[in-house]
Protein chains: 2
Amino acid sequence: MDKAASSRRRNAPAKANQSSARMSDVAKIAGVSAMTVSRAIHDPKSVTLETMNKIQQAIAASGYVPNRIARSLASQHTNIVGLVVPSLRNSLFAETIQGVADILGSSFDLLIADSGYSLKGEEAAVLAFLSQRVCGIVMHNTKHTQRSRRMVQNAGIPSVETGNLLPQPIDMSVGFSNHDAACAMTEYLIGKGYRRIGFVSLILRDNDRASERRRGYLTALSRHRIKAVDARMLEVPPGLRSGGMALVQLVEGPGVDAVFLTGDVLATGALLEANRRGWAVPGRVAIAGSDDSELQECVNPPLTTLRFPRYEIGRRAAGMLLDRLQGRSQGAASLDLGYEIIERGSV
Amino acid sequence: MDKAASSRRRNAPAKANQSSARMSDVAKIAGVSAMTVSRAIHDPKSVTLETMNKIQQAIAASGYVPNRIARSLASQHTNIVGLVVPSLRNSLFAETIQGVADILGSSFDLLIADSGYSLKGEEAAVLAFLSQRVCGIVMHNTKHTQRSRRMVQNAGIPSVETGNLLPQPIDMSVGFSNHDAACAMTEYLIGKGYRRIGFVSLILRDNDRASERRRGYLTALSRHRIKAVDARMLEVPPGLRSGGMALVQLVEGPGVDAVFLTGDVLATGALLEANRRGWAVPGRVAIAGSDDSELQECVNPPLTTLRFPRYEIGRRAAGMLLDRLQGRSQGAASLDLGYEIIERGSV
DNA sequence: TTGAAAGCGCTACCAC
DNA sequence: GTGGTAGCGCTTTCAA
């Protein structure tokens with residue numbers, strides 16, 4: 001065992017915690033000062049080749065792992081980005097998470113928390129992030145508690161809200177208009193001749209995305225002088241089966257000729273249920289979904305859906321954050337990445 | 001603006017970064033020492049009610065957000081757990097991630113990195129985590145570079161490997177035997193009378209899970225004196241379509257009476273492709289999958305699959321970590337959470 | 001190119 | 001129950 005790693009730690013705890021060598025240990029081995037080691041690590045060309053070699057050997061010999069905690073405290077900034085999502089197991093958010101992670105790469109670490117779809121949960125995550133002194137924050141939500149907003153603003157760090165685009169972001173935002181997208185899809189259905197159009201979404205409470213989509217649906221109806229019928233609008237829990245049940249309820253209850261199911265895999269569940277019952281799609285009922293994925297394309301008939309650039313949203317969000325952190329941009333910015341209607345066979 | 005928050009910061013940067021008050025600011029406002037503020041925050045009952053009230057007011061007045069960086073440096077431990085997964089957008093790993101997050105709750109923060117399915121990627125993540133001085137590590141993988149293993153061992157922190165159970169974990173492990181599960185499913189197919197059984201998995205290279213499953217398939221065949229046929233074993237990329245193509249290749253090529261597709265949504269893709277072609281399942285071909293989810297249950301016919309307790313694995317992994325961190329347990333431990341064969345209509 | 005000194009904001013430790 | 005002192009391991013700043 002190398003002596004540099006063993007002859008230290010003023011108050012070595014009883015447990016056999018072989019915590020790593022410190023920078024000063026490396027310096028001692030290399031015969032230089034700690035400052036020089038620091039420079040060698042963070043600005044290699046500020047050090048002679050010879051010094052560099054000695055230091056690299058010393059690092060290898062001692063198994064030194066730089067201590068970012070100390071670095072952060074001394075330099076007064078971290079390389080940690082905080083990300084809050086409503087849920088970690090939802091594949092839609094997962095796309096965005098991956099987008100963020102891919103852009104942050106190896107130069108930033110990613111602290112992730114889920115809000116459990118609650119504003120209070122988001123607030124708790126934000127507080128934890130600020131406590132860790134993250135250098136930037138991404139929130140997959142544009143609705144927040146007042147305290148969350150205030151904390152993020154006062155923290156003096158860049159933030160990006162993703163998802164439903166709102167007029168007054170805290171700082172930067174990337175996303176699309178759920179209202180416009182849902183309105184467009186509803187008008188698409190109307191254009192195809194459907195008039196008795198059902199609308200299914202997740203529970204609206206605390207869910208700005210679902211609320212906005214319902215609003216878009218209503219906008220489209222009203223534009224075309226179609227009366228909104230309460231019985232044709234459902235709020236349901238997430239899940240395939242849930243979508244299937246909603247479809248059956250709308251078809252066998254109020255009677256609809258088309259259903260637009262937004263959120264999660266509701267539409268896919270509806271289509272699979274129609275398959276199971278032998279209902280012609282379209283014919284007995286047309287089905288439109290949102291949140292396109294490979295699955296929507298592989299079912300029979302393939303689903304007509306809205307597509308949102310979720311992965312790209314993550315990438316752009318992280319990109320905007322980095323631009324600010326690295327001084328390539330300043331000030332607020334809002335980016336609308338839009339939506340697409342993917343026309344397939346279910347309408 | 002409160003003066004405590006404005007009359008400080010020796011070298012205030014030019015940019016309008018309103019970084020937060022320090023503990024000593026709070027102490028000054030409350031008329032106590034910094035130590036007392038520290039105690040009030042972390043051990044409320046060690047302080048009189050009166051002192052507590054003054055401090056809470058001071059915190060509110062100054063907008064103080066505790067600095068965990070400083071706390072970590074001084075106390076020599078963090079409340080950050082590191083988690084490496086092969087991918088963030090894969091819903092299977094997402095289950096485990098959510099399980100970990102749910103157990104860590106609000107007392108620990110979660111640093112997440114994806115390895116991009118590469119051992120070198122995992123190594124980079126591990127190094128970053130150790131640099132952040134995480135207090136524990138969870139790795140969704142049981143195959144590592146030698147350097148990864150060594151670093152984790154030397155870090156002197158608890159670690160949990162999840163997924164494919166191996167005889168020599170670094171520290172603790174939770175998961176199941178991919179070999180046994182795949183072997184059991186193959187024997188199940190054999191028991192149903194199938195003899196020309198195809199096997200489809202993701203690319204084996206660097207993927208211990210896929211390799212182990214292939215090995216399990218071969219074990220089952222050999223136990224029943226069935227000759228393994230290379231042409232019946234496929235390695236394919238992930239994805240629904242990929243599964244569909246594999247099915248077609250095996251049915252129209254070497255000719256099989258059953259196919260066992262392991263990994264991701266391969267089996268679902270195969271079933272949907274069979275639907276599209278009007279192939280009877282079973283009949284023309286039986287299909288067995290792995291990684292059960294609601295989707296497998298909603299397709300037609302519902303898929304017979306292996307089920308792994310992925311969410312529970314995350315919970316138990318985090319639980320074991322916490323038990324160690326909070327002194328409720330010591331030493332290595334390995335937990336086999338097993339698998340289930342879910343019998344449905346596709347075999 | 002290198003080094004010495006002085007903190008970063010907090011907690012461990014000991015005294016009161 | 002409370003406070004003073006001395007660091008935690010690094011970087012900033014300035015001097016050599």
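I took helices (H or I, at least four residues) and strands (E, at least two) as DSSP runs, numbered from the N terminus. I noted that the model is predicted, with local features needing pLDDT of at least 70, side-chain atom pairs counting only at pLDDT 80 or more, and totals for chains, interfaces and linings using all residues. Residues are numbered from 1 along each chain as its sequence is written, while chains are lettered from A and ligands numbered from 1 in the order in which they are written.

**DNA strand D.** I called a residue near a strand if its C-beta atom, placed from the backbone, lies within 6 Å of it. I looked up the 27 residues around DNA strand D and found that A:Met23, A:Ser38, A:Ala70, A:Ala74 and B:Thr36 come nearest. H5(A) provides the largest share of this surface, five residues.

**DNA strand C.** Among the elements giving two or more residues here are helix H3 (34-42) and helix H5 (68-75) of chain A, and H5(B) gives the most, with five residues. I sorted the surface into twelve nonpolar, twelve polar and three charged residues, counting Ala, Val, Leu, Ile, Met, Phe, Trp, Tyr, Cys and Pro as nonpolar, Asp, Glu, Lys and Arg as charged, and the others, Gly among them, as polar.

**Chains A and B.** With contact meaning C-beta atoms, placed from the backbone, within 7 Å, I recorded 49 residues of chain A in contact with 49 residues of chain B. The side of chain A that touches chain B divides into 22 nonpolar, 18 polar and nine charged residues.

Definitions and conventions: Contact = placed C-beta atoms within 7 Å.
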